[in-house]
Amino acid sequence: MGAERQLMALCLPALACELACPGSLSHPVGVVWLEPGQNAAEVRSDARLGAVNAAAEQLGLRIGQRLIEAQSQYGALRVGVLEPKRLQQALGQVAEALLDRATVAAVESPDTVWLDVTGVTHLHGGASELAEELLERVRGMGHRVHLALASGPRLAQALARWQSPGHVNGWCPKPSELPVAVRALPCAALALEPPALAWLMGLGLVTLGDLAQLPAGQLQSRLGPAAARLLDWLAGHDPEPLQAYVPARVIRESLQWEEPAMGFEPLRFALRRVVSRLAARLAGRGEATLRLELTLEHDRAYVRLSGGANQTKLSFELAKPLWQESELLKILTARLLKTQLAAPSLGLLLEAPAPVPVVGRQLELSRLLAGFGSDKPGELGLDVLLSELTTELGAERVGTLWVDEGHRPEASSWLVPISCATEAGEGRSRGRRGPGVRSRSTRGVAQARGVAQARGPGLTRSRAASSSATTSEGSAAIAREARLPTRLLDPPLPLEASLRQGALLFLANTAYTIEHLRLERRVEGVEWWANQSILRDYLRLGLRGVTGYLELLVYVDRQTGQRFVQGIFD
């Protein structure tokens, strides 16, 4: 026989007010629902309140009251407008942040998130410890929340909504305590119609325990289907199934504010909150992102006068998948700090359009002794550094230096982007295990090589020589090939001087004398499949000037007679 079902219900009683009027929960707040296609300016005074916070309830304001009546009752009432679909989206965001602690998650407007934790509570130290962790996560996202544990969704929802103030860290009654907890719930927990609830209150029946003392036939005639639900709750039964929540692939987090913000500090404050929520959703889904897109909404009135753009969009290509809040924030703020904004901002939107599963990294003994556990951000130090360099310099400027056999020096090394190099490295390691996979080992390098050829033969090679890329096996191959220069010029520098001993030439406004020259090699008829075969003579020149001795690699195009400085020997 399987284990008894355990469901946790998280109720967010002030969610609508938090979304409509952020930062105003200590003040009485009322929310009016927007109809499809309606804007805030079209809300009429006879509209009804769809939600009120605790401060408004203490003043006698209630859901369903007309807006004009509520404002006449309390003139300083803050009124916010909200689309109903925003509630569903916000509940889905909370569910995503908690997915890694449950087998199934479900949501229901206006305020409930359910988690099926059957058989997993012992993995987190028990139900109470898991409840505290979930509450801390949701509160970290800026929401007020109540939590309760029961055997069914409706019973857990009722316990969470009507729990006593003493259960600040969740209400997880034991199976033996559940009947007593159910009897203490108010009659309103059954979601009765107003006439039936008024009839019960008129009889002095306040709690479900009071209802349980009435004859079953009288309950059935007065309460209808709610009577059967009451009897099931008293017996500890709630068999209603959960409809699993399926998150969207693209993760979006946004934040708006009323007053235009100019400068970096206000944006960093807002960005920290948005990144915190996005990182929580990534962690809950067990995913990371390879790309971030940040959109800043500008003040339209200011833009109309200055003639600028309404938005500023920034894209961030990450070298490695990242998901931790501190690392994502570091990359975003570094780029935002250097961005010149043309107008004040009124909001921002952060998107993770390319989430990928997080692959667990094996914990080596050396890393464990050094204090880097699998859950520590320090383990991602190199990944974050590569992502920062990729964001600052561009994906094509940061990579791994691969050495290839080529007749031309510029064709002897390739700067492979990090993602392609990683794929090639994994393929090479898999290739050792079986001949059938070996052909996939150089797929990433071939892709990068094709991109480099499309951009021009010398562009990627010179960047490979001047960048701070990883050169694990490339440096060893270059050291073995002593004839290759240590630096390649991009593009090659035209040379007008005569190539003979004692001739005078100028480089960077400095005069040099050719002390000696030696023919390195002749390249003739190679790459015959191209439009024109290559005919070159490569020479090594030794120069003497006021700054010292210098060696150059020079080639002569035998078809045109032109001479070029190809590289420098350090």
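## A first look around the model

Setting aside neighbours within four places in sequence, Ala56 is in contact (heavy atoms within 4.5 Å) with Pro28, Val29 and Leu61. Before going on, a word on where this comes from: this is a predicted model, so local features need pLDDT of at least 70 and side-chain atom pairs count only at pLDDT 80 or more, while totals for chains, interfaces and linings use all residues. Residues are numbered from 1 along each chain as its sequence is written, and side-chain values use heavy atoms, with hydrogens and water left out.

Back to Ala56, then. You'll find Ala56 in helix α2; helices (H or I, at least four residues) and strands (E, at least two) are DSSP runs, numbered from the N terminus. Ala56 has a relative accessible area of 0%, so it is buried. That word means under 20% relative accessible area, with exposed meaning over 50% and partly exposed lying in between (1.4 Å probe, protein chains only). One of the contacts, Pro28, sits 28 residues away from Ala56 in sequence, yet the two are 4.3 Å apart in space, C-alpha to C-alpha.

**The whole chain**

Stepping back, the protein chain has 20 helices and 20 strands. Of its 570 residues, 44% count as buried. And if you take contacts between residues at least 6 apart in sequence, 62% of them join residues at least 24 apart.

**A helix to look at**

Helix α4 covers residues 84–97, which makes 14 residues. From first C-alpha to last, α4 reaches 21 Å, close to the 20 Å expected at 1.5 Å a residue; the expected span is 1.5 Å times one less than the number of residues. The buried residues of α4 include Leu87, Ala90 and Leu91, and the list also takes in Val94, Ala95 and Ala97. As background, an α-helix has 3.6 residues a turn, so residues three or four places apart point the same way.

**Strands and hairpins**

| Strand pair | Sense | Bridges | Hairpin link |
|---|---|---|---|
| β5 and β6 | antiparallel | five bridges | three residues |
| β18 and β19 | antiparallel | 10 bridges | two residues |
| β19 and β20 | antiparallel | six bridges | five residues |

Strand β5 is made of residues 104–108 and β6 of residues 112–116. In this pair, Ala106 stands opposite Trp114 in β6.

Strand β19 (residues 548–557) turns up in two rows, pairing with β18 and with β20. Why is β19 described as largely enclosed by the rest of the structure? Because eight of its 10 residues are buried.

**Arg249 and Glu287**

Arg249 lies in the loop between α11 (225–234) and β8 (251–261). With a relative accessible area of 46%, Arg249 is partly exposed. Glu287 belongs to strand β9 (residues 287–298), and at 10% relative accessibility it counts as buried.

What joins the side chains of Glu287 and Arg249? A polar contact of 3.0 Å does. Such a contact is a pair of N or O atoms within 3.5 Å; within protein, one must be able to donate a hydrogen and the other to accept it, and residues adjacent in sequence count only if both atoms are side-chain atoms.

Not counting residues up to four places away in sequence, Arg249 also touches Arg285, Ala352 and Pro355. Glu287, leaving aside its own neighbours within four places, is in contact with residues including Leu282, Trp323 and Pro355. The C-alpha atoms of Arg249 and Pro353 are separated by 7.4 Å, although the two are 104 residues apart along the chain.

Note on methods: Two strands pair if DSSP finds at least two bridges between them.
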